[in-house]
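Here is a friendly walk through one protein model, moving from its overall build to a few single residues. Take a look at the picture, then read on.

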Amino acid sequence: MSGNIELLNTTLAAAKAADRAALIAYLPAGFPTVDGGIEAVKAVVAGGADVVEVGLPHSDPVLDGPVIQTADDIALRGGVRIADVMHTVREAYEATGVPILVMTYWNPIDRYGVERFTAELAEAGGAGCILPDLPVQESALWREHADKHGLATVFVVAPSSQDARLATITAAGSGFVYAASLMGVTGTRASVGAQAQDLVGRTRATTDLPVCVGLGVSNAAQAAEVAGFADGVIVGSAFVKAMLDAPDEAAGLAAVRSLAGELAEGVRKR
């Protein structure tokens, strides 16, 4: 079975055709439970998310701030495994029909096996992977199997990335480019900053791929600001914090659905 990279491509193109940015939501698998995580994906899509990133919880993250680390710890203590991540992707895709990507560090894939991981992700209906710590020059094996199975390979670029490096990264990627708005870890910020707009402009000079901005967006005003210059707005910590702060799972699901609705309005006010 082929993965859903084409669904991702058409979804992002449709947002562009509607003169708006896409809303991309991030949620960890297994948080607060495996079933609860699936319901959370359904809730953000019901609220207006166009694309969902399902996080593969990791014990030693390099990009994730304290909010997502807390959720990952809950998921890991609950015994979440890669099979649960694939189950989450399958159930979420079948329930919503939107593109579902996995965001993961490289080590779990390397241990699991690239061919096995890509084949299972495609079979589950996944659209691709975001790989924040896989160097492009070491990605040939991954890209070979991702291409074979119809999966996008999304690389992360940062404000520190030089123009030549940006060109190398974007030439190897597919689906979209994940532009980290600032140097540092995930988390909500008071402002997203001018660095992000500069990075998007420099990245666009190297590629026709959509450029989507993550790290720091937490409310509709910030979503509108980023949507003014980016093809997609990626929100993670704000959704996870809404779940963590809720008194119970039902309240958490209502909170993330409501937040998705506000952010979806924001990306339409570019």
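In what order do the 9 strands of the open sheet lie? The order is β5-β4-β3-β2-β1-β9-β8-β7-β6, with parallel pairing. Two strands count as paired if DSSP finds at least two bridges between them. The edge strands are β5 (152-154) and β6 (156-157), each of which pairs on one side only.

Before going further, note that this is a predicted model, in which local features need pLDDT of at least 70 and side-chain atom pairs count only at pLDDT 80 or more, while totals for chains, interfaces and linings use all residues. Residues are numbered from 1 along each chain as its sequence is written, and side-chain values use heavy atoms, with hydrogens and water left out.

**The whole protein**

The protein has 12 helices and 9 strands. Both are DSSP runs numbered from the N terminus: helices are H or I with at least four residues, and strands are E with at least two. Along the principal axes, the C-alpha atoms fill a box of roughly 45 × 40 × 35 Å.

Of the 270 residues, 58% count as buried. Buried means under 20% relative accessible area, exposed means over 50%, and partly exposed lies in between, using a 1.4 Å probe and protein chains only. Among contacts (heavy atoms within 4.5 Å) between residues at least 6 apart in sequence, 75% join residues at least 24 apart.

**Inside the sheet**

Strand β1 (residues 22-28) is mostly covered, with 7 of its 7 residues buried. A22, I24, Y26 and P28 point one way from β1, while L23, A25 and L27 point the other way.

| Strand pair | Sense | Bridges | Partners |
|---|---|---|---|
| β1 and β9 | parallel | 4 bridges | L23 and V233 |
| β6 and β7 | parallel | 2 bridges | V156 and Y178 |

**The nonpolar core**

In soluble globular proteins, nonpolar side chains tend to be buried together. Here the largest nonpolar core holds 94 residues, and V44, F117, W142, F176, Y178, V233 and F239 touch the most other members. Such a core is a set of buried Ala, Val, Leu, Ile, Met, Phe, Trp, Tyr and Cys residues joined through side-chain atoms within 4.5 Å. The largest share of this core, 7 residues, comes from α12. Not counting residues up to four places away in sequence, V44 touches A25, L27, A49, V52, F239, V256 and A260.

Helix α9 (residues 194-204) lies across β6, β7 and β8, running at about 155° to β8. For such angles, axes are lines fitted to C-alpha atoms (for helices over the stretch in contact), and the angles run from 0 to 180 degrees between N-to-C directions. T203 is found in α9. T203 counts as buried because its relative accessibility is 0%. Leaving aside neighbours within four places in sequence, T203 is in contact with V157, L166, T170, V177 and V211.

In helix α10 (residues 220-227), the buried residues are Q222, A223, A224, V226 and A227. They pack against β8 (211-214), β9 (232-235) and α12 (249-267). Q222 has a relative accessibility of 5%, so Q222 counts as buried. Between Q222 and L263 there are 8.7 Å in space, C-alpha to C-alpha, although they are 41 residues apart in sequence. At the start of α10, a side-chain oxygen of N219 reaches to within 3.2 Å of the backbone nitrogen of A221.

**A residue in a loop**

Finally, find D50 in the loop between α2 (34-47) and β2 (51-55). Is D50 buried or exposed? D50 counts as buried, because its relative accessibility is 13%. The side chain of D50 reaches the backbone nitrogen of L23 at 2.8 Å. Not counting residues up to four places away in sequence, D50 touches T11, R20, A21, A22, L23, V98 and P99.

Note on methods. Polar contact = N/O pair within 3.5 Å; in protein donor to acceptor, adjacent residues only side chain to side chain.
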